[in-house]
Amino acid sequence: MSASVEPPAAPSPVLEAVLRTLARRGLPTAEVYRKRGRSRRVEQAEAAATSAFVQERAWAVRAGSESGSFFAAGTGEPRPEGPWPEPGGRPLALPEPEIPEPAPPSTPADLDAPLVGEGEGLRLLASLGRELDSALPGARLLRAALEDGWSEGELASSRGVRARTRHRVAALHVEARGGGKASPAVALYLAAREARRFDPLSIARRLAVRLEIAAAPLAEPFEAPEVVLAPPVAARLLLGLAPLWIGSQAASHGERFRDGDGRLASPAVSIADDGRLPGGVFESGVDGEGVPCREVVLLQEGIFRQPLLSWRDAGRAAGETSGCSRRPSWRDLPTPGPTHLYLKPDPRLAASALVGAVRRGAYALDVEGGMAVDWEAGRFALPVCGFRLEGGRATSPLRGVWLTGEIASLLRGIQAVARDLTFHPLDGMIGAPTVLATGVELRRGA
Amino acid sequence: MAAHLTSPWHDRPVPFARLDAPAIARALSQIAERPEDLADAFFERREDIELAPDSTEGPGVRTLCEEGFAVRLLRGSETFLASRDGIDGRSFAEAVRQVARALPSANYPEPALPLGPWEDAAAPELGEFPGLVLRAIRARHVGFPLRLTVRRHRREVAVVGVRLAAAPEREVFYSCAAELPWGRHGELLTELSAASADGVAAACAALFRARHAGPAELASGVAVLGPGATAVLLHEAVAHALEADTLAATGRPEAALGLQLGAACLDVLDDPAAAPAAVARTTDDEGSPVCRRWLLRGGVVEQPLADALWSRLSPACVPGAGRRGSRHLPPGPRSSHLELLPGGAPEEDLFAEAEGGLYLEVASRGALDPASGEFTLRFPYARRLRGGEPAEVLGPCALRGRVADLLSRAAAVGAEAHPAGAGWCAKGGQKLPVWATAPALRLEGVAIA
């Protein structure tokens with residue numbers, strides 16, 4: 001979830017009491033996390049509607065000694081006296097406190113905005129349905145679910161880490177079908193800081209285009225010397241190739257794809273991860289273990305700089321570590337991963353300029369399935385849909401095709417990126433602008 | 001060797017025995033203003049204890065103890081839900097107020113909600129199971145790297161309505177996940193025993209033996225599904241296909257009644273009360289009595305799976321199959337324990353009439369696209385059938401097709417049904433265990449690749 005960091009505050013007495021009790025029990029390494037949150041969910045299906053209001057109040061404790069450790073989580077308030085499970089397995093490692101980077105000067109207003117109301121949420125979904133019918137007559141929503149949530153967390157560890165976070169996130173899941181009896185269905189999943197940021201008109205247009213493409217006949221294979229990748233496609237590629245820029249093995253993993261100058265991609269490609277990204281859905285001053293977040297440039301103008309590393313990777317790979325441990329729920333152990341991983345945009349270029357410049361090629365608008373990567377062969381394949389482009393204009397729909405090719409050719413063949421950076425809820429928030437790529441193929445099969 | 005490691009949880013009192021059901025019912029009756037309104041309260045306590053593999057970097061023991069409740073008002077086709085972590089009278093009254101459609105003239109009463117205490121989060125039986133599995137693997141004269149995660153899951157629920165309060169229910173079961181360099185095997189178990197360890201070991205050894213096997217392909221031939229694979233097939237192709245909300249995605253659920261969905265040899269039921277004792281239910285997660293529900297009789301659709309909502313929207317549907325993955329989500333129609341009634345074919349006959357075909361002992365996962373009816377069942381390995389018995393091991397493969405077409409290809413049902421944990425189902429983000437009792441099944445004219 002998204003967040004802003006609060007300045008370190010006086011630790012909660014409950015959390016401190018848990019740490020003290022665990023230490024007395026011979027568990028000197030411990031961390032206590034407490035979370036509470038609220039969310040509103042409205043769902044409209046064809047035959048039924050649901051409105052739910054959820055309140056969560058829970059905690060999680062990790063504790064251990066040299067002989068083992070445990071993770072315990074539960075609802076309500078943590079009780080210092082337990083019961084606590086017997087530790088097992090390996091000792092527990094926890095991060096040392098770091099001085100956080102300066103917090104934002106003020107809390108973003110949307111963190112304090114009220115949750116979307118029941119009627120307001122249902123009206124937004126109804127509006128989406130009307131706009132869809134207007135954009136593509138006969139098309140309808142099969143199901144639309146909107147969730148708007150808020151939470152705050154508090155963390156204390158025996159190492160001295162003290163952190164508080166606040167989060168705000170909204171998600172929209174939509175399934176729609178075209179007007180015909182045998183029309184195919186398509187789905188969209190979107191995330192934003194709050195529900196009011198979802199624009200029914202633009203979402204409906206996106207659905208309508210997807211439905212029109214889905215209803216078209218399968219495309220015949222054709223040569224596409226230039227392919228424009230819309231943000232959802234570029235983001236999926238960025239995530240699919242994550243082993244090249246995430247984790248302590250990334251440098252060795254990507255070695256074979258780099259040229260003699262250390263160049264992994266074309267100069268148009270700069271990639272960063274930033275847990276503090278202003279306005280980002282997961283924006284946070286600290287990560288799920290209280291480690292300060294910051295921007296880390298992974299690729300700069302095609303040159304590999306360093307991988308995304310958590311504190312656990314310190315000493316295992318060259319580069320600075322950053323706060324990138326995610327805690328999706330109080331039930332989960334914190335695990336490292338991208339927060340806002342994104343391909344940096346070029347503010348000088350509009351997406352329409354990239355599309356308009358294509359003489360013969362394709363515009364890959366969205367993905368139709370998961371990405372396959374054969375690391376041994378150095379190849380990738382991603383099922384996409386979109387349009388054929390000729391003279392900068394869309395000439396016919398394109399579906400049932402795979403964007404495929406060599407990973408090295410894809411990375412070095414990126415000619416330009418536009419300024420329309422958008423983020424997508426995948427494994428973390430993955431962002432990309434529209435991209436003009438060469439050196440890739442469109443095939444009927446993978 | 002311990003023959004039976006299962007914990008004694010089944011004999012302990014459920015924590016909801018002392019809920020003040022009349023007071024809860026009185027509060028609910030204030031929001032059920034219309035005669036057709038359904039208002040209920042769902043109380044849940046769950047405990048998961050996990051023993052992680054020794055090689056895991058994180059904590060070796062993980063426990064999750066949670067409890068909470070949800071208040072629901074069902075009015076026409078609309079569901080209003082308020083849910084909370086933790087259980088106390090004040091939160092309950094607040095949730096009732098949030099669900100109410102009209103402002104009350106006075107505050108809602110705060111019922112007494114005393115709960116039984118949490119027991120120590122300990123599951124000593126988990127610690128012995130990995131050793132049993134390793135010994136059973138060694139007994140097969142093989143050895144390979146293995147990461148074994150064992151969990152105990154305990155869930156206790158109680159539903160109180162305006163007029164009726166169902167008796168609290170409890171489910172206790174285990175799950176086991178084995179990770180090998182060549183694949184993964186997951187299984188649900190109702191007990192940890194030498195026999196269940198042997199089953200896990202057999203599945204792991206089969207994955208090991210298939211690690212370099214050539215691809216399993218069948219252009220159009222005969223395949224025999226083992227009981228475990230049949231259970232997954234039933235879950236995906238029959239149960240999901242006959243859930244009222246799935247049927248509603250393409251039309252009216254009652255329109256499916258009388259439809260010939262599968263071959264005449266298929267008699268498929270959902271009977272939560274006939275599940276293994278540790279997970280058997282007498283009521284569903286809405287407090288409705290469960291029933292022995294004929295999904296297919298002679299291959300013909302007889303009664304779709306329905307919960308309270310869908311039994312109101314489609315009066316031909318009978319409630320009793322409402323399940324919820326969590327208090328924070330509304331119930332939905334789902335299966336609990338599927339049965340395929342045995343046929344008359346002994347296993348050797350199933351194999352004898354499948355020369356050159358494939359034996360698919362277990363399925364790793366399945367998926368159904370409700371919109372298209374397209375169905376996929378994946379198998380981690382296969383065995384070629386030669387001379388009336390399974391012969392060489394082959395690699396991973398998948399069976400794909402449309403539900404009705406695939407089920408029409410069932411040609412013979414085995415004579416001996418076996419209990420089988422069909423696995424976890426995560427439809428709509430609600431993760432639930434599903435169980436099955438099934439014999440082997442022979443399919444003819446199917447393509448596998």
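Two strands pair if DSSP finds at least two bridges between them. Strands (E, at least two residues) and helices (H or I, at least four) are DSSP runs, numbered from the N terminus. By these rules, chain A has an open sheet of six strands in the order β11-β10-β9-β14-β21-β20, with mixed pairing. This is a predicted model, in which local features need pLDDT of at least 70 and side-chain atom pairs count only at pLDDT 80 or more, while totals for chains, interfaces and linings use all residues. Residues are numbered from 1 along each chain as its sequence is written, chains are lettered from A in the order in which they are written, and side-chain values use heavy atoms, with hydrogens and water left out.

**Confidence**
- The mean pLDDT (the predictor's confidence in each residue, from 0 to 100) of chain A is 92, and 96% of its residues reach 70 or more.
- Residues 1-7 of chain A have a pLDDT below 50, yet this stretch has 41 contacts (heavy atoms within 4.5 Å) in the model beyond near neighbours in sequence.
- Where pLDDT is low, the predicted coordinates should not be read in detail.

**The sheet in chain A**
- β11 (303-304) and β20 (422-426) of chain A are the edge strands, each pairing on one side only.
- β14 (340-343) and β21 (428-432) of chain A pair in the parallel sense over three bridges, and H340(A) in β14 stands opposite M429(A) in β21(A).

**Strand β13 of chain B**
- In a regular strand the side chains alternate between the two faces of the sheet.
- In β13 (residues 337-340) of chain B, H337(B) and E339(B) point one way and L338(B) and L340(B) the other.
- All four residues are buried (under 20% relative accessible area, with exposed over 50% and partly exposed in between, using a 1.4 Å probe and protein chains only).
- Three bridges join β13(B) to β8 (268-270) of chain B in the antiparallel sense, where L340(B) is the bridge partner of V268(B).
- β13(B) and β22 (432-438) of chain B run parallel, also joined by three bridges, and H337(B) stands opposite W435(B).

**Between the chains**
- The contact takes 40 residues from chain B and 34 residues from chain A.
- The buried area (accessible area, 1.4 Å probe, that two parts lose on being put together, summed over both) is about 2900 Å², of which carbon and sulfur atoms give 49%.
- Two salt bridges (a side-chain nitrogen of Lys or Arg within 4 Å of a carboxyl oxygen of Asp or Glu) are counted between chain B and chain A.
- One salt bridge joins E118(A) and R101(B), with the closest N and O atoms 2.8 Å apart.
- β3(B) gives eight residues, the largest share of the side of chain B that touches chain A.
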